[in-house]
Amino acid sequence: KLILLDSLLQEKLSLLHIPLKSKMASSVSSWLVPVLLTVGCLFLVMNILNARKTNKSLVDDIERARSDVRVAMDTSQDCSKKLDANTADMTAKDQQLASLNADVKTLTEEKNKIQ
């Protein structure tokens, strides 16, 4: 009987401990889950703000790069126009020089004939 009584007492004590542990776990989870959710939400908000800041910076960099490309293209077109103008001027001068050389050659031949 004593053993039976002891085993019943142990059973009752074990039944008492389970609800206490369950109540403690329930108490911890009742505040732990909202805290974890709050921390997660704060992390997400900080991530969103950082992403917006990074996107704005990238958009500014893209606009600056596009502007630089436009300036470079305009400068390239100006240089190309100047090169074409200088090439045409050089061609005209080369033709004029060739004409003058031909005149000098002709005049030199005439001078040699006269002498």
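1. For the pairs below, a salt bridge is a side-chain nitrogen of Lys or Arg within 4 Å of a carboxyl oxygen of Asp or Glu. Bear in mind that this is a predicted model. Searching the whole structure turns up four salt bridges; here are some notes on individual pairs.

2. Take Asp 60 and Lys 56: their side chains form a salt bridge, at 3.5 Å from N to O. As for solvent, Lys 56 is exposed at 53% relative accessible area, while Asp 60 is partly exposed at 35%.

3. Next come Arg 64 and Asp 61, whose side chains meet in a salt bridge with an N to O distance of 2.9 Å. This pair also belongs to helix 1, with a spacing of three residues, about one turn of the helix. Arg 64 is partly exposed, with 48% relative accessibility, and Asp 61 is partly exposed too, at 35%.

4. Then there's Arg 66 with Glu 63, a salt bridge in which the closest N and O atoms lie 3.6 Å apart. What spacing do Arg 66 and Glu 63 have in helix 1? They are three residues apart, so about one helical turn lies between them. Arg 66 comes out partly exposed at 48% relative accessible area, and Glu 63 is likewise partly exposed, at 41%.

Terms used:
Residues numbered from 1 in each chain as written. Predicted model: local features only at pLDDT ≥ 70, side-chain atom pairs only at ≥ 80, totals over all residues. Heavy atoms only, no water. Buried < 20%, exposed > 50% of the residue type's maximum accessible area, 1.4 Å probe, protein only. Helix = DSSP H or I, 4+ residues; strand = E, 2+ residues; numbered from the N terminus.
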